[in-house]
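Please look over the sequence and the model shown here before reading the briefing that follows.

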Amino acid sequence: MKKQLVQYLFILSLLMNVFTYMYFSKKEASTQKKYDNMSLKYKDSLQAISNNAYDADYFSLEMNDRAQNYFGESNLNYQVLIPKIKEALLEFNSDPEGNKYVDQTKTGDQKYIINKIKILNHRWIIADYSNGQLWGEVLLKYFVESDGNITFETMSSYLYPIQLN
């Protein structure tokens, strides 16, 4: 009887070990598969975000080789020129009447100033402006003179209407 009990316990422990081994080996494979799927999903998401960023920067001086070559012919470094252009345009915000290139007149005490600037290429800038209550966008043409001065010309401006909630 003692011999049979030991035999049953041995068989029972053997079965428990086999089932435990199978459980943990399947669990490891399942976990690895789940992580592989998640990793693939994140790689796809990262690729989609990278593509969106590339598409968003398509119209920018930093990504436009032809516009960069335009400045290269003039011996101007576009990387140095970009901050200078932005500073020159933002200097007009200090005017008491507001920035003259937004193509909007001052309303009451609130003047229109440029908030955000994107240099599209060697000739155009798009900018966002507001007076704190109204917002708009303006398309500007800019010129870099031979003496280093930067001049601007308003091409088109749009002031968004007030949205009532």
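Is Lys118 buried, partly exposed or exposed? At 29% relative accessibility, Lys118 counts as partly exposed, where buried means under 20% relative accessible area, exposed over 50% and partly exposed in between, with a 1.4 Å probe and protein chains only. This is a predicted model, in which local features need pLDDT of at least 70 and side-chain atom pairs count only at pLDDT 80 or more, while totals for chains, interfaces and linings use all residues. Residues are numbered from 1 along each chain as its sequence is written, and side-chain values use heavy atoms, leaving out hydrogens and water.

**Salt bridge**

- Lys118 forms a salt bridge with Asp57, with 3.4 Å between the closest N and O atoms; the term means a side-chain nitrogen of Lys or Arg within 4 Å of a carboxyl oxygen of Asp or Glu.
- The pair links distant parts of the chain, 61 residues apart, since Lys118 lies in strand β1 (residues 113-119) and Asp57 in the loop between α1 (2-56) and α2 (65-73); helices (H or I, at least four residues) and strands (E, at least two) are DSSP runs, numbered from the N terminus.
- Asp57, at 34% relative accessibility, also counts as partly exposed.

**Helix α3**

- In α3, the residues Tyr78, Leu81, Ile82, Ile85, Ala88 and Leu89 are buried.
- These residues cover an arc of only 140 degrees around the axis, so they sit on the same side of α3; the arc is that of the directions from the helix axis to the C-beta atoms.
- On the other side of α3, Gln79 and Glu87 are exposed.
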